[in-house]
Amino acid sequence: MERTLTVPGRYNRLEQICEFVAAVATEAGLDETAINRCQLAVDEACTNIIEHGYGGEDKGAIDIACTPGQGEVMIKIHDHAPPFNPASVPQPNLDAMLDDVKIGGLGVYFMRQVMDVVKFSYENGGNTLTLIKRKEK
Amino acid sequence: MDIATQDYDKVSVMAVAGRVDSATAPELETELKKLVEAEKTQIVLDLKEVEYMSSAGLRAMVSTLKAVKRVNGDLRLANPSPRVEEVLRLAGLTSIFSIHPSRDEAVKSF
């Protein structure tokens, strides 16, 4: 059964969002590492929405819907920000020397590294990010 | 997030506890900046009690590392949990930071 949470776009709501996602991922039978990865992906996604989508805190809400399935969890994150094009985010250079290390752009990269499905779409006047994490074998 | 700083001979140890995310990372960066401004540029960041870190925490650590390296200092990490270590590895930062299994070893490494 789908669980939903709507919060104002504020950084101090990230912990609540992470706890919500962890509870559903636990219910889906994911192990601790997979649950941690879900939390990281969702945190990075919501941080990007607040920072880049809305351009700051308290500019709009974030809707999160989690569905526990058989050994997987599906997380949908919806915002009301202008369309986001993931192709516009440059790939981080992980072999950079210190002077060239840039931490911006890591959020989308992290999501793709730790989740099984990462899909961006624009629907109902906002962006929907669909994340799926499957039980690790 | 809680931060406690202790000065040893030539090294400052900052112990961080709790969550380091976009809500709390600015405070971590501010506290680290205060050390650098006080010319305490040999810093150990003890991550033993950090239960969670996102890229926002990494940003605070990397900007401090850049600042202290410019004046021949260093920011060394101690005790990262497997969870924090994974985030460092995902970001390709395990070769950028000097990482030590304990606070003592990190302090002695200076």
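Visitor: How many residues does the contact take from chain A and from chain B?

Guide: Please note that this model is predicted. As a general idea, the size of an interface is often given as the accessible area lost when the parts come together. Here one may count residues instead: chain A contributes 18 residues to the contact and chain B contributes 19 residues.

Visitor: Which element gives the most to the side of chain A that touches chain B?

Guide: Helices H1 (14-27), H2 (32-53) and H3 (106-114) of chain A each give two or more residues to that side. H2(A) gives the most, with 5 residues. By type, the residues on this side of chain A divide into 9 nonpolar, 5 polar and 4 charged.

Visitor: What covers the buried residues of H3(A)?

Guide: The buried residues of H3(A) are A:Leu106, A:Gly107, A:Val108, A:Phe110, A:Met111 and A:Val114. Their cover includes H2, strand E4 (117-123) and strand E5 (126-134) of chain A, and also H2 and helix H3 (82-90) of chain B.

Visitor: At what angle do H1 and H2 of chain B pack?

Guide: Two packed helices are described by the angle between their axes and the distance between the axes. Helix H1 (residues 25-37) and helix H2 (residues 55-69) of chain B pack at about 15°, and their axes are 8 Å apart. H1(B) is therefore roughly parallel to H2(B). Their crossing is right-handed.

Visitor: Which residues of H1(B) meet H2(B)?

Guide: They are B:Ala25, B:Leu28, B:Glu29, B:Leu32 and B:Val36; the residues they meet in H2(B) include B:Ala56, B:Gly57 and B:Arg59.

How values were computed:
Residues numbered from 1 in each chain as written. Chains lettered and ligands numbered in written order. Predicted model: local features only at pLDDT ≥ 70, side-chain atom pairs only at ≥ 80, totals over all residues. Axes fitted to C-alpha atoms, helices over the stretch in contact; angles between N-to-C directions. Helix = DSSP H or I, 4+ residues; strand = E, 2+ residues; numbered from the N terminus. Parallel < 35°, antiparallel > 145°, perpendicular 65-115°, else oblique. Left-handed = near helix turned anticlockwise from the far one by under 90°. Contact = placed C-beta atoms within 7 Å. Nonpolar A, V, L, I, M, F, W, Y, C, P; charged D, E, K, R; others polar. Buried ≥ 20, exposed ≤ 12 C-beta atoms within 10 Å, placed from the backbone.
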